[in-house]
Amino acid sequence: MGNPKAFLTVPRIEAGHRPIHDRIHDFGEVEQTLNTHDRKLQASRCMDCGVPFCHWACPLGNKAPEWNDALYKGEWELAYRLLNDTNDFPEFTGRICPALCEKACVLNLTDHAPTTNRENEAAITEAAWRENYIVPKTYARNGKKVAVIGAGPAGLVAANRLNKMGYTVTVFEKNEAAGGLLRYGIPNFKLSKAVIDRRINLLVAEGISFQYNYPVDFAKLPEGFDAYVVSTGTPTARDLTIPGRELKGVHLALELLAQQNRVLAGMEFSADERVTAKDKDVLVIGGGDTGSDCIGTSHRQGCKSVTQIEIMPKPVEGPEDPQSPWPNWPRTLKTTTSHEEGCTRRWNINSLEFIGENGKLTGVRVQPIDWKPNPEGGRPIMVEAGEPEVIKCEICFLAMGFIKPQLPEMPKNVFVCGDAANGASLVVRAMASGRKAAEDVDSFLKC
């Protein structure tokens, strides 16, 4: 370890974000970067713990102490090799991962100032691209072919790993470009799509074939492959079937997010097709990351106001969560950059009815509720806790999560991974699942 006592003298410093008055006028990435000197100092804070809980917490098993040490010493290429050994696409997780590793950092336990692993990860990877440490490679072929169905994070990792093992890989994607939720669900202000394109171009140069606009029927899989990886995610969003759902102005979250990303990519939509919050009061139903992304997108489209409601109670305002203590992930209140841009947030609110005039949404009737313990155990019981009221809005986005798909029974040479197998979860978990699927395919085809 280059400086085993740096954590005592070097404070945690984050790169920060672009000023609100600047960033809400474009879809450029919000997060800024530290200079090289300061980034190396942040890496020096890693204590190289005897038991690295960061490694334990990361679904990919990233070896943060090792690549932080290399970064501190200025060995950027070594840092990237160590990082890329466990993480196929650290430029993605370095931008959007909630950093489970940081919450499990011993420095988070002692003074709530963990090593800046996520930012370090992004900085290492950008340096690797900039210095041409990342170049296309060729791999000897073993004569077997694998089809990957779905080009989201799980599918891309599976394809990348299998390609390196020598399989001829074809990726089938129903959309016009690869990335899945990375491309169509996450706004550009969190993840520029040029970052995805850069990696896809590398995968193509290394021999992976992509077939776009190619939906696959599971009852009739593409012929000519020795094995299949199904990584189609969770395409069905959880809806809210209350009176007035048919009103114009009520949308699933991805109707906004996917279309906006397509607009930024150059696609055109008619005025009737366009989903926009411009000059409107916005209501977001759902308190998670997707709801937050709707808030940030609404601001950039020029909304008048945003309100976000959540049916569950308000999380504890940390930094510690007594119900989920270190090194587990704390379920504490999260305030995103989108929230900072302006948003009224409310919890324990149940939606009763969409209200409209002449077929257009004008508001949502809601009611404050509370949760009482169920005497029979299981899910708590929802009870009324106040009088119904109407939240004025002209557009409403439903961001209440996604439903795990019910896939048909598959042949033995079909392997399901990512959200398609486990339900909606983190990108980093989908990537870990894709890696496991590649290993399972390899073991199966070598039998």
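Predicted model: local features only at pLDDT ≥ 70, side-chain atom pairs only at ≥ 80, totals over all residues.
Is Lys190 buried, partly exposed or exposed? Lys190 is partly exposed, and its relative accessible area is 29%.

## The model and its salt bridges

As background, side chains of opposite charge can pair when their charged atoms come close.

## A link across the sequence

Lys190 forms a salt bridge with the side chain of Asp293, at 3.0 Å from N to O. Lys190 sits in the loop between helix 12 (181-184) and helix 13 (193-205), while Asp293 belongs to helix 15 (residues 289-301), so this pair ties together parts that are 103 residues apart in sequence.

Helix 18 (residues 427-446) contains both Asp442 and Lys446, which are four residues apart, about one turn of the helix. Their side chains meet in a salt bridge of 3.2 Å, N to O. Here Asp442 counts as buried at 12% relative accessibility, and Lys446 counts as exposed at 64%.

Salt bridges can also be joined through shared partners: Arg23, Arg300, Glu340 and Glu341 form one network in this way.

## A pair at Arg12 and Glu14

You can find another salt bridge between the side chains of Arg12 and Glu14, with 2.9 Å from N to O. Both partners are partly exposed: the relative accessible area is 24% for Arg12 and 46% for Glu14.

Note on methods:
Residues numbered from 1 in each chain as written. Heavy atoms only, no water. Salt bridge = Lys/Arg side-chain N within 4 Å of Asp/Glu carboxyl O. Buried < 20%, exposed > 50% of the residue type's maximum accessible area, 1.4 Å probe, protein only. Helix = DSSP H or I, 4+ residues; strand = E, 2+ residues; numbered from the N terminus.
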